[in-house]
Amino acid sequence: MKVLIAEDDRTNRVMLQGALVKLGYEVVSATNGSEAWDTLLRTNCRIVVSDWVMPDTDGLELCKHVRADPKRPYVYFILLSGQRLSDAHYAKAMDEGVDDFLH
């Protein structure tokens with residue numbers, strides 16, 4: 001199964017990619033949300049692991065694009081955040097279609 005990583009920090013992206021490859025996933029990566037959306041349109045990734053805060057299109061906006069595409073099969077969307085999130089942040093993200101969070 002293919003997993004798309006959207007992460008602007010190179011170190012985080014490489015570490016996450018290594019962990020996912022060890023678990024047997026085929027990984028494609030992008031350095032921002034716009035690149036991730038373009039990559040998702042060209043691939044059949046069924047899982048997206050995205051940083052919340054990125055240049056151009058952030059992770060939450062990327063999730064909105066994914067959920068707004070009626071032709072796309074369901075994509076499991078995991079949002080990453082290095083910051084402590086409030087209940088309001090979680091609620092907003094869940095309302096936008098985020099499936100899970102990693103901190």
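Reader: Where is the place of Asp 56?

Author: The model is a predicted one. In it, Asp 56 belongs to the loop between β3 (47–51) and α3 (59–68).

Reader: What is the phi of Asp 56?

Author: The phi of Asp 56 is near 65°, which is a positive value in a residue other than glycine.

Reader: Where is Asn 32, and why does it count as buried or exposed?

Author: Asn 32 lies in the loop between β2 (26–30) and α2 (33–42). Its relative accessibility is 12%, and buried means under 20%; therefore Asn 32 counts as buried.

Reader: What makes the pair of Asn 32 and Asp 56 a polar contact?

Author: The side chains of Asn 32 and Asp 56 make this contact at 3.4 Å. The limit for such a pair of N or O atoms is within 3.5 Å, with one able to donate a hydrogen and the other to accept it. Not counting residues up to four places away in sequence, Asn 32 also touches Met 54, Pro 55 and Thr 57.

Reader: Which side-chain oxygen reaches towards the backbone nitrogen of Leu 60?

Author: That oxygen belongs to Asp 58, at the start of α3, and comes to within 3.2 Å of the nitrogen.

Reader: Which residues of α3 are buried, and how do you know that they line one face of the helix?

Author: Gly 59, Leu 60, Leu 62, Cys 63 and Val 66 are buried in α3. Seen down the helix axis, these buried residues fall within an arc of 155°, so they line one face of α3. They pack against β1 (2–6), α2, β3, β4 (76–80) and α4 (87–96).

Reader: How many residues has the largest nonpolar core, and which have the most contacts inside it?

Author: This core has 22 residues, and Leu 4, Leu 62, Phe 77 and Val 98 have the most contacts inside it. At least two residues come from each of β1, β2, α2, α3 and β4. The most are given by α3, with 4 residues. Apart from this core lies another, of 9 residues, including Leu 16 and Ile 47.

Reader: With which residues is Val 98 in contact?

Author: Leaving aside neighbours within four places in sequence, Val 98 is in contact with Leu 60, Cys 63, Phe 77, Leu 79 and Ala 93.

Definitions and conventions:
Residues numbered from 1 in each chain as written. Predicted model: local features only at pLDDT ≥ 70, side-chain atom pairs only at ≥ 80, totals over all residues. Heavy atoms only, no water. Buried < 20%, exposed > 50% of the residue type's maximum accessible area, 1.4 Å probe, protein only. Contact = heavy atoms within 4.5 Å. Arc of directions from axis to C-beta. Core = buried A, V, L, I, M, F, W, Y, C linked by side-chain atoms within 4.5 Å.
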